[in-house]
Amino acid sequence: MEKAKQVVCQTQDLIPNSGVCALVNGKQVALFYFPEDDQPVRAVSNWDPIGQANVLSRGIVGDLKGRLVVASPLYKQHFDLKTGECLEDDQAKLEVFPVSIEENLVLWG
Amino acid sequence: MKKLRMVVAGNGMVGHHFVDQILALSTDIELTVLGAETRPAYDRVHLSEVFAGKDPKDLSLTSREYYKEHNVDAHFGDAVVAIDRDNKSVKTESGRTFSYDKLILATGSYPFVPPIKGSECKECLTYRTIDDLGEIKANAKDAKIGVVVGGGLLGLECANALKNLGLETHVVEFAPGLMGVQLDQGGSKMLRRKIEALGVTVHTSKATTLISEGDDTKLRMSFADETHLDTDMIVFSAGIRPYDQLARKSGLEVGERGGIVIDYHCRTSDSDIFAIGECALFGKMIYGLVAPGYRMAEIAAQQFVDADEKPSFTGADMSTKLKLLGVDVGSIGDAHGKTADSICYVFSDEKAETYKRIVVSADGKRLLGAVLVGDCSDYDTLLQYYLNEIDLPGSPESMILPATDGSAAPALGPAALPATATICSCHNVSKGDIVNAMDAGCCGLPDVKSSTKASTGCGGCAALLKNIVDHEMEARGLEVNKSICEHFQFTRQELFHLIKVEEIKSFQEMLDKHGSGRGCDICKPAIGSILASLWNDYVLQENHVQLQDTNDTFLANMQKNGTYSVVPRVPGGEITPDQLIAIGEVGKKYNLYTKITGGQRIDLFGATLNQLPDIWRELIDAGLETGHAYGKAVRTVKSCVGSTWCRYGVNDSVGMAIHIENRYKGLRAPHKLKFAVSGCTRECAEAQSKDVGVIATENGWNLYVCGNGGMKPRHADLFATDLDDQTLIKYIDRFLMFYIRTADRLQRTSVWMENLEGGLDYLRQVVIEDSLGIGEELEAQMHHVVGTYQCEWKTTIENPEKVKRFRQFVNSNASDDNVVFVEERGQMRPANEVERQKLIAKSA
Ligand SMILES: Cc1cc2nc3c(=O)[nH]c(=O)nc-3n(C[C@H](O)[C@H](O)[C@H](O)COP(=O)(O)OP(=O)(O)OC[C@H]3O[C@@H](n4cnc5c(N)ncnc54)[C@H](O)[C@@H]3O)c2cc1C
Ligand code: SF4
Ligand code: SF4
């Protein structure tokens with residue numbers, strides 16, 4: 001039998017086209033919500049490797065040349081929400097986590 | 001084929017730049033780097049910033065990992081001690097040998113310590129490396145007085161450091177004046193005057209003969225004129241000497257007064273050995289600046305490219321612009337007027353403490369040199385005239401005379417620059433290179449930037465580059481693409497117009513009608529700001545939330561560690577003791593760092609996200625409101641006490657300031673807006689450095705506009721005189737709304753006005769004479785905004801749904817364990833990296 005997935009939070013905790021932060025197994029995770037997309041939640045690490053602070057969930061999201069990105073609220077670099085890559089600095093990369101939505105729950109894994 | 005083995009001795013700024021150049025060229029070279037210092041290359045030019053609080057780590061230009069990744073065999077803390085030219089190998093201090101096909105010497109230079117008896121003592125230091133810096137700091141701990149020997153560029157920079165460390169600071173110079181190399185006598189005098197006003201004592205024409213123990217101080221310096229000076233530490237900054245011992249010992253040609261002799265290709269007298277940077281002597285000259293060193297590195301690297309014609313080093317311009325102890329100093333070309341028959345013009349203003357001198361050729365056509373002290377705003381223009389030998393205007397003195405009745409000094413348009421004009425000095429890109437790139441198909445700024453690399457270094461040339469690109473686009477009949485980003489093909493001004501005319505109320509609606517994609521961090525806040533300026537809805541309304549920068553979303557200013565600062569509004573800077581106590585109590589309760597701002601308010605730092613609503617609840621209960629310090633909005637109206645208290649005041653400046661602040665508070669604009677009101681022409685509120693400045697006169701108010709402080713300060717222009725209260729407000733209403741309507745994103749009023757065709761005069765026509773017939777409309781719009789004001793924090797804390805947004809984690813009550821503080825001067829501050837690691841480890 002498949003193991004039950006961990007519940008992170010409810011969808012009403014998310015903010016459309018914007019981010020919130022959740023604590024999952026001791027790790028800060030930035031969750032972004034795009035209600036219209038096929039894959040409506042995206043999760044990356046909240047740690048900004050360039051600004052050196054836990055802030056990415058508070059960045060503005062959007063797209064640049066077709067890539068779904070969040071802009072760091074500290075120094076404005078853009079990170080690809082699907083791959084974690086930084087568009088301005090190929091040394092910097094975010095961890096990307098699989099998450100999904102079932103009913104009104106955001107699930108980990 | 002066997003790979004070429006290359007050894008680079010010295011990993012300073014220039015040595016590292018060379019490595020980067022080679023890496024960009026080819027992979028067929030096996031690189032070894034040997035550095036004497038224990039750390040990889042760092043930015044020496046900005047060394048002094050460490051005294052101002054910068055982390056030395058932030059200075060690094062590269063890292064061990066970077067070298068490793070690029071297969072560079074790098075060794076640090078192991079100096080090269082000998083070159084064996086016959087066997088083509090070098091030996092290091094630790095006894096290792098490395099063989100080379102080509103050897104690059106980039107060993108730089110060291111500070112010269114004059115042979116004075118006693119100068120070996122442990123309180124006698126130098127200033128060149130990060131290690132030196134540590135020594136200076138350590139010595140300063142139990143010192144009261146510090147002396148810098150040498151009044152040149154580096155000496156003065158060092159004096160600033162000593163002053164910042166809290167020492168009584170002296171500069172001792174052998175020559176009769178400061179910065180003798182770069183400044184003439186007049187400039188040097190003005191600099192001295194300004195520096196002494198800052199509390200640094202300058203002693204010139206002093207030859208130190210002995211350093212001995214002092215009576216009450218650690219040291220005493222005795223001078224040839226039989227005077228003496230007591231001090232606790234001495235930093236020598238009396239010039240630099242090239243590290244050329246290696247070359248000397250191995251028989252390479254060196255200059256009479258030191259320096260490894262190189263030719264046009266940066267080759268030494270041994271064709272397999274090159275020398276670059278401050279250890280190299282070219283045309284009898286050591287180039288003690290980083291830009292010429294970089295150029296040498298590039299030229300040396302190019303010698304390993306397979307090409308018929310290899311570029312040459314032909315010397316470099318030594319013009320400099322810098323800030324010493326906060327004083328702007330600029331020096332161009334022949335600053336001393338040594339050229340035969342040259343003519344010079346001098347303008348000296350002892351009140352403003354500025355000094356400007358230009359040296360012009362006998363026929364009055366060419367600029368040969370210049371000296372600027374106290375005001376460097378003309379530097380860029382003068383430098384272009386000098387470098388590009390542009391014909392001077394008929395009366396060259398107009399270049400440095402202050403503008404009278406609106407006739408500003410002739411600015412240099414992009415068309416006037418010759419093709420050879422250097423635009424980006426970091427990457428050595430000329431106007432010709434830019435034009436060529438555009439001929440080859442580059443279209444628009446981003447294209448030009450990525451193809452020429454212009455403006456990708458320090459960025460200082462960004463404005464000039466944009467001007468040139470725009471000019472060239474227009475000349476080619478191309479439409480200049482002024483769209484704000486890839487999602488909207490419009491300027492901010494056009495967006496404003498569309499939103500207003502079509503009464504668009506949300507970003508989504510705007511995107512559906514006029515845009516594409518999802519939007520980004522450029523267009524979202526820009527449109528958010530326009531929506532706020534026009535309709536003045538609550539910024540955290542559901543459909544606006546996603547548009548705001550974090551500062552606007554959380555109604556506070558994010559600081560470097562992810563915490564926020566909080567600034568309650570203090571209209572006109574007037575505050576009751578009870579409000580002060582209330583702020584103090586909040587600061588104490590939440591353990592916040594408090595500081596008085598330049599805008600006469602109190603800033604509380606270090607609040608975490610979840611604390612913000614609680615903090616504001618208490619502040620609002622005490623009768624305070626949000627100060628909008630986080631928004632591109634009206635910030636503060638600074639004021640002096642005016643006629644109520646001051647003996648000189650002619651009108652109630654505080655009353656007017658409060659009136660103005662309450663009228664415009666919260667007004668969203670393309671950029672932040674600052675105001676000030678002074679009670680008389682003595683101008684204690686510094687109104688002439690603000691976007692809107694008001695000064696009381698015997699007959700009413702004088703209105704000044706478009707000034708600003710900050711990175712590029714600008715004096716405000718006198719807009720209208722002797723206004724009554726009502727007219728004053730009317731003009732400000734119109735001025736602000738016209739700005740909000742027509743300015744570009746993030747364009748301050750000064751730049752906006754300078755870019756308006758017709759400038760100040762046009763602005764007067766629109767606002768005073770109502771030449772466009774929109775005066776009433778602008779006023780009506782302002783009335784709407786004023787009438788719909790709300791304190792965003794009040795609205796927020798009254799709404800539990802909104803308060804939820806301030807949770808650190810949606811699924812936990814924990815706090816961010818990365819945010820840790822230490823105490824300094826009786827308050828908390830964010831821990832630095834080292835402290836943080838320690839604190840986090842301890843708590844784990
Ligand atoms: C405080 C300060 C402020 C400055 N401000 C400015 C400024 O505003 N503008 C400007 O243009 N310039 C400025 N400069 C000058 C600028 O820093 C130098 O021009 C530049 O660093 C020269 O680079 P370089 O690589 O030739 O020498 P360095 O940066 O000195 O590097 C040489 C390196 O080689 C190492 N070395 C020496 N001998 C050996 C050996 N035998 N084997 C191995 N390694 C060796 C040295 O330890 C050093 O690390 C400033 C300098 C200082 C100290
Ligand atoms: S500006 Fe005039 S009124 Fe105001 S404090 Fe200064 S001297 Fe007094
Ligand atoms: S941005 Fe402003 S506040 Fe920050 S360090 Fe620079 S001058 Fe100071």
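**Close-up 1. What lines the largest cavity: six nonpolar, five polar and four charged residues.** This is a predicted model, and the view goes inside to the largest cavity, with a volume of about 110 Å³. Look for Asn536(B), Gly666(B), Arg668(B), Gln790(B) and Glu792(B): of the 15 lining residues, these sit closest to the centre.

**Close-up 2. Where chain B meets chain A.** The two chains bury about 2,800 Å² between them, and 48% of that is on carbon and sulfur atoms. On the chain B side, keep an eye on Arg518(B), Asp521(B) and Val810(B), which lose the most area to chain A and together make up 22% of what that side buries. Counting residues in the contact, chain B puts in 38 and chain A puts in 36.

**Close-up 3. Polar links across the interface of chain B and chain A.** There are 16 residue pairs in polar contact across this interface, with both partners at pLDDT 80 or more. Two elements of chain B each give two or more residues to the side that touches chain A, namely helix H14 (523–535) and helix H25 (833–843). By class, that side of chain B has 11 nonpolar, 13 polar and 14 charged residues.

**Close-up 4. A salt bridge between the chains: Asp13(A) and Arg807(B).** In this pair, the closest N and O atoms are 3.3 Å apart.

**Close-up 5. A salt bridge within chain A: Glu95(A) and Lys27(A).** The closest N and O atoms of Glu95(A) and Lys27(A) are 3.1 Å apart. This pair ties together distant parts of the chain, the two residues being 68 residues apart. Glu95(A) is in the loop between strand E9 (78–80) and strand E10 (96–97), while Lys27(A) belongs to strand E3 (residues 27–33). Over all chains, the structure holds 50 salt bridges.

Methods: Residues are numbered from 1 along each chain as its sequence is written. Chains are lettered from A and ligands numbered from 1 in the order in which they are written. This is a predicted model: local features need pLDDT of at least 70, side-chain atom pairs count only at pLDDT 80 or more; totals for chains, interfaces and linings use all residues. Side-chain values use heavy atoms; hydrogens and water are left out. Contact means heavy atoms within 4.5 Å. Buried area is the accessible area (1.4 Å probe) that two parts lose on being put together, summed over both. A salt bridge is a side-chain nitrogen of Lys or Arg within 4 Å of a carboxyl oxygen of Asp or Glu. A polar contact is a pair of N or O atoms within 3.5 Å; within protein, one must be able to donate a hydrogen and the other to accept it, and residues adjacent in sequence count only if both atoms are side-chain atoms. Helices (H or I, at least four residues) and strands (E, at least two) are DSSP runs, numbered from the N terminus. Ala, Val, Leu, Ile, Met, Phe, Trp, Tyr, Cys and Pro count as nonpolar, Asp, Glu, Lys and Arg as charged, and the others, Gly among them, as polar. On a 1 Å grid over the protein atoms alone, a cavity is a set of points where a 1.4 Å probe fits but cannot get out, and a pocket is an open set with protein on both sides within 12 Å along at least five of seven lines; lining residues have an atom within 4 Å of a point. Grid points are joined across faces, edges and corners, and a volume is the space filled by probe spheres set on the points.
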